[in-house]
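Colleague: Hi! Could you walk me through this one? I have a few quick questions.

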Amino acid sequence: MAEDAYLAAIEEKIEAVVDKCWNCNFCFSVCPNYQSSRGFQTQGPSGMTQSLRYALRWNRFDAEAGRDLRRIVYACTTCNACVNACKDMSSGVLLLDAIMAGRELLVEKQIGPLPRQGKCLEEIFKVGNPYGKPSKKRLAWCRDLGVLFLPEAQAEVLLYVGCAAAYDPDLRDAVTSLIRILQAFGVDFGMLEDESCCGDPARFLGDAALFQEVVAQNGEKIKKSGVRTIVTVSPHCYHALAHHYPDLPRTVDVVHYTEFLYRLFSTRSPEWPGEQDFCVTYHDPCYLGKHNGIYDPPRKLIDAIPGVRRVEMPLCGPDSLCCGGGGGRMFDEIEEERRLSDMRVEQALETGARILVTACPWCLTMLSNAARDTGPGRRMEVRDIAQVLWAALQPSAPHDP
């Protein structure tokens with residue numbers, strides 16, 4: 001498609017979405033960005049989309065206006081709360097489609113993304129991950145765990161680790177716990193020898209060309225591996241592979257690890273060594289819950305552990321508050337009156353639970369950092385579900401994480 005026609009198609013998509021918006025503002029109340037900034041920055045999801053519309057109508061893409069528009073559009077966490085609220089209470093406008101198209105437009109006009117987010121895109125292109133880490137070190141840490149590496153070895157299941165869990169030492173224990181569970185249950189699984197970024201950061205930052213290039217490369221690797229099931233650690237990898245890899249064989253099932261473990265535990269009941277004695281609350285990752293409707297499997301895994309008590313935060317399930325790391329916000333600072341991660345940890349503390357559990361590497365990072373900033377005497381542990389499960393399966397029960 002010629003560049004002019006390509007830009008015209010993006011602009012048409014934005015206009016088509018905004019034309020359907022009733023400006024009823026139901027999306028405001030559920031937008032995490034609006035909640036954390038009281039609206040001074042973006043005026044909520046409909047404000048973001050209206051900003052794009054008037055930038056197009058008035059051709060306001062000069063340096064100053066372009067920076068302002070970029071600040072507004074890239075503040076979005078892409079959590080999908082606005083879309084779900086509009087479906088439930090209004091006209092069903094896919095507001096996030098316009099925001100994503102707006103980001104694509106800003107990239108094409110060399111205005112977006114935000115500066116440090118742009119570095120992330122460069123690193124995906126150069127070394128296959130948004131952190132700029134050497135690709136040879138991606139899975140070096142798990143060489144001694146007895147894991148098979150594909151395609152040299154063969155396996156039924158591909159464990160797709162993802163960039164955050166592969167490169168962040170603070171996330172290693174969560175992935176190692178998952179690996180140990182799969183091994184304990186005799187799952188025939190392996191990892192890609194040359195695993196690289198799924199491309200989701202490129203997609204939600206608006207670099208469509210880079211995303212398509214990554215999809216093509218990863219698609220070939222997965223086909224060569226011959227696996228029948230892909231189990232992802234990150235909900236973001238799950239969303240990308242399940243919905244934006246059109247050339248994957250239809251015989252390949254893509255699941256998040258909480259779904260996979262729930263199925264596994266449903267067919268082969270774990271032998272719990274003893275009763276636990278602690279209370280947890282669960283944080284729904286946006287790309288697992290609000291984007292893909294996966295709410296029950298994580299909770300049922302927690303509830304399966306003998307002695308564990310689970311309590312819900314007031315904002316949970318479809319109403320869960322975003323951790324603040326999605327939509328590229330992991331890679332740059334976004335102005336807020338109060339950080340979303342701080343707000344979420346406060347909500348967790350109010351339940352009386354001592355452990356805040358989640359199922360996303362980015363949520364784990366954001367919430368762990370926030371939990372460390374709480375005042376004296378207000379202890380809140382943040383754990384991944386895999387860590388809690390593996391600890392409970394150890395013979396040293398009862399376990400106090």
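Modeller: Happy to! G47 is buried, at a relative accessible area of 12%; buried means under 20% relative accessible area, with a 1.4 Å probe and protein chains only. Keep in mind that this is a predicted model, where local features need pLDDT of at least 70, side-chain atom pairs count only at pLDDT 80 or more, and totals for chains, interfaces and linings use all residues. Residues are numbered from 1 along each chain as its sequence is written, and side-chain values use heavy atoms, leaving out hydrogens and water.

Colleague: Which helix does G47 lie in?

Modeller: Helix α4, residues 44-58; helices are DSSP runs of H or I with at least four residues, and strands are runs of E with at least two, numbered from the N terminus.

Colleague: Switching to N33, is that buried or exposed?

Modeller: N33 is buried, with 1% relative accessibility. N33 belongs to helix α3 (residues 32-37), and a polar atom of its side chain lies 2.5 Å from the backbone oxygen of A75.

Colleague: Now the sheet: in what order do the strands run?

Modeller: The open sheet has 4 strands, ordered β7-β6-β8-β9, with parallel pairing; strands pair if DSSP finds at least two bridges between them. At the edges are β7 (308-311) and β9 (381-384), each pairing on one side only.

Colleague: And how many bridges join β6 and β7?

Modeller: There are 4 bridges, in the parallel sense, with β6 covering residues 278-282. In β7, V308 stands opposite F278.

Terms used. Buried < 20%, exposed > 50% of the residue type's maximum accessible area, 1.4 Å probe, protein only. Polar contact = N/O pair within 3.5 Å; in protein donor to acceptor, adjacent residues only side chain to side chain.
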